[in-house]
Amino acid sequence: MLTSLWQGKTLPVLVVCAIIAVFWYLGSIWLNADMQRMLFENNGQASYTTAELIEGTLSQEKPKLPTPGQILAELNKTVLETAPTSKRSLVYHGSVTISATLLGFLIGSMLGMGLAVLVVHIKSLDRSLMPWVVASQTIPIIALAPMIVVIMNQFDVTGLIPKAVIAAYLSFFPVTVGMVKGLRSPDPLQLDLMRTYSASQWQTFLKLRMPASVPFLFASLKVGVAASLVGTVVAELTKSEDGGFGARLLGGSYYGQTIQIWAALFAAAACAWVLVSLVGVVDRVVTKAMGARP
Amino acid sequence: MKFHRPLVLLAGALAIFAAVSPLDFGIDGLAIGDHLWSRMVFSLLGIATLRDSQDTPQPANAAWNVPFATLLAAVEIVELAHSDGLRGWGFFCAVGAVWLCAWRTVDLIVARTPALGHRARFLRILAPLVFGATLLVLWETLTLSFGVPKVILPAPSAILLRLVTSIPTLAADFVQTVQGIAAGYVIGCGAGVLVAILIDRVPFLQRGLLPLGNLVSALPIVGIAPIMVMWFGFDWQSKAAVVVIMTFFPMLVNTVAGLSAAGHMELDLMKTYGASYRQTLLHLRLPAALPFIFNGLKINSTLALIGAIVAEFFGTPIVGMGFRINTEVGRMNIDMVWATIVVAGLAGSLFYALLAAMEKRATFWHASYRERA
Amino acid sequence: MSHPVIEASHLSLTFETNDGPVHALSDVSLDIQKGEFVSLIGPSGCGKTTLLRVIADLEQPSEGVISINGMSPHEARLKRAYGYVFQAPALYPWRTIGKNIALPLEIMGYSKSEQTERVRKGLDLVNLTGFEKKFPWQLSGGMQQRASIARALSFDPDLLLMDEPFGALDEIVRDKLNEQLLRLWEMTQKTVVFVTHSIPEAVFLSTKIVVMSPRPGKIHDIITCDFPRDRTLDIRETPEFIDVANRVRQGLREGHSYVD
């Protein structure tokens, strides 16, 4: 059993995480030491043992690098011990961010899939529009986020919608590109077979292209949902009054609340992981129903 | 497509109507005497489209009639949009006609593109260019003629003007941001490749790091920017740090995938030569990994740009592309924001094109270059 | 009697798979003398490729002893005692044909001038002179395989191990290459161990044919043939040839090669 653990993935991942945690604590001690010495001086404590110094670095209020323990404690406080409706709760902020992310992601992926279907079947659209979609992946579209938020605010469209719009167009491009690739993935032999059946374009799409595109679609949906989350967080940087992880990050950086920043970051990361995993679960369910190899 | 005929007929009708209608707002009745040249151009467009809509076969050169007339008409409507008071029905009919004819132009280009050759390459670039130009023309005419306020959506000409008059500022911004991008990109990608090679001999570490690497690639790492600013200060070093973190893991994941890309037969071949680990790495596995490494480099070029710009939202000395966007958005100078985005976009696509050219030279042998589209 | 180049005695190799153990080789003993052309023939699963890979030290036997030139396979591999030709050309697509042939020479540390000379000789040997600067995809399948043979010979090993090298080629090209290989063998006097599943090919090329049978993989029969060394493809119509071919076919039948 030990060999199978060694050969598998869980044990190595856990070991690497443990190594990272150890280095993290060492890093906290090293990076917080200067500030700790300063704190001791200000408190009039002239001499201190190394043990006291280390203990101090691991429990500062605004450390340069909080320890994993401090971050977990903050997460515990703001997630489990604060009411979800309070503005100090990460659950509240999380719900703000995730709702915009999901709405935007849904819209963006639907549009992306629709455009992909059109592009694959209409040659002029493929030749004229697709190069721009592909090129857009080299441009930092996220730089448009602040502008969209502010412009929509001019029209009194605030809160969820501007963030959802940004999340939508960030997920739109990878989904379109991935879906086009997937719709074009069938073997030429399989397409020829459809021609021998005199199948219409719609039949070929439904029976061949659509099923063949599923793996590509889910791969790009994972990229899309992660991109949506990043877009929402960046949009929240511009207008942080409505809350959300981005607002929390910004607030933390204004007031030097490093533990708050790290906690928000961990929470955002956890949400990203959950969202991507959910897409992965749907992926497995769908591909299994389609008869893929386990 | 089958419905092109009625649409082209519609375009022709619109153009003719524009030629004989009021182009100015508030003038009643037919006023054919003003804007004579524009009316001639619109009539030309109308005739060309009506001839195009006929099913009778036409000489190959006749295909250029519609695009040429569309080009002239597009110039006209932009010019008209720039003069005052042009919002009559005729004007909007002309805009509609130009839009439909531009689409028809793309159609004609695509239908006449051969599969191979220089002409094919030229026409393949022309189609998206026409599409983009149409978008710009429509943007320009509609924002100007509807009087869209500059703080909502400036016209492309206004953006261009701003760009040209702000070159010193934009250049300084560009240099500031690029410092962070360049340093972070080189360190991040370099470290990714090195670590991948280092853990190549330790499968245990590979199995542990790869899932983590895939996980981290999906996370909103830009959020680490405020922390980096706290550690490295406001200047470009903190942006470089953000870029390093954003580019490290995608590079690691791609390089590890590339190092396992060499085929079994090729690896056995090296064994039969009694080649050492170093020789196998140098002669086989690294060249075979190049397509994957370049894939990572291309992905990272966009990530680096995003990382540096967003990191600047969190704090920077009063220069930098992200700073410029943030501040000008606050001041409602939307044309300046667009100008900065144009610069960032150009920089991003140029660098990507450079990478693609380098990739072609280094991995010319890969199967993907020998496929027909 | 000269010392055999390859001495295998009671070799066994068992793979563990999800469906239970697979006996790829079971008590295989074989001696190969210098200068012989030995074919290993049998259906898939009879162990012929596995035996070749054991000789090449690409697989390790679970039981038994094997020595090559008096050394263990591992030592022989490190001493570059043999050239290996695979089922596919396995040319590196980023190297020209000339550089591909020079690959083992680079690894083994030959000087630049030596490399150039040997590459030229190698190309000449397989009739590919003038293709030095071409890339593998610019050559046909048969030419690529010829290049891979030139590569295997470039560092002049005495032993040549070939694993169904012409299997992926059409019959006409295959015939031509068979003839060329025979001439090459005549000229260079190498010892060749050749894996194939084509009876005419085995009978045409070999001095000794080893008929193997599957499940478990073992040697069923060893047939010697002594056709004249300057034979051409016409010999395939002669009664002596057909006789040997029949013996081979009978051996395959007895080894249950034609049964599912």
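Predicted model: local features only at pLDDT ≥ 70, side-chain atom pairs only at ≥ 80, totals over all residues.
1. C:Val211 has C:Asp221 in S9(C) as its bridge partner. Four residues lie between S8(C) and S9(C), and the two strands form a hairpin. In the turn, C:Arg215 has a positive phi of about 50 degrees.

2. S8(C) and S9(C) belong to an open sheet of six strands. The order is S5-S6-S7-S3-S8-S9 (chain C), and the pairing is mixed. S5 and S9 of chain C are the edge strands; each has a single partner strand, so one side of each has no neighbour in the sheet. On average, neighbouring strands of this sheet are turned by 15 degrees against each other, direction ignored.

3. C:Tyr82 stands opposite C:Leu159 in S6(C). Helix H5 (residues 141-153) of chain C packs on the sheet and touches S5 and S6 of chain C. The direction of H5(C) makes about 165 degrees with that of S5(C).

4. Helix H11 of chain B. What are the buried residues of H11 (residues 264-272) of chain B? They are B:Leu269, B:Met270 and B:Thr272. Seen down the axis of H11(B), these buried residues fall within an arc of 160 degrees, so they line one face of the helix. They pack against H12 of chain B, and also against H2 and strand S5 (82-85) of chain C. S5(C) is thus a point of return: S5 of chain C is also an edge strand of the sheet. After H11(B) comes B:Gly274, with a positive phi near 60 degrees.

5. The B-C interface. On this interface, 18 residues of chain C are in contact with 15 residues of chain B. On the chain C side, helix H2 (73-78) and helix H3 (97-107) are the elements that give two or more residues. H3(C) gives the largest share, three residues. By class, the chain C side has 16 nonpolar and two charged residues, and no polar ones.

6. Two pairs of chains are in contact, and chains A and B share the most contacts. Here 48 residues of chain B are in contact with 44 residues of chain A. Several helices of chain B each supply at least two residues to this side, among them helix H4 (89-111), helix H5 (118-145), helix H12 (277-313) and helix H14 (334-362). The residues on the chain B side divide into 37 nonpolar, eight polar and three charged.

7. Chains A and C. No contact joins chain A and chain C. Their closest C-alpha atoms lie 15 Å apart.

8. Fold and extent of chain B. Chain B has 14 helices and zero strands. Its radius of gyration is 28 Å, well over the 21 Å that the globule rule gives for 373 residues, so chain B is more spread out than a compact globule. Along the principal axes, the C-alpha atoms of chain B fill a box of roughly 90 × 55 × 30 Å.

9. Packing within chain B. How much of chain B is buried? Buried residues make up 47% of its 373 residues. Among contacts in chain B with a separation of 6 or more, 77% join residues 24 or more positions apart.

Key: Residues numbered from 1 in each chain as written. Chains lettered and ligands numbered in written order. Contact = placed C-beta atoms within 7 Å. Nonpolar A, V, L, I, M, F, W, Y, C, P; charged D, E, K, R; others polar. Rg over C-alpha atoms; globule rule 2.2 N^0.38 Å. Buried ≥ 20, exposed ≤ 12 C-beta atoms within 10 Å, placed from the backbone. Pairing = 2+ DSSP bridges. Arc of directions from axis to C-beta. Axes fitted to C-alpha atoms, helices over the stretch in contact; angles between N-to-C directions.
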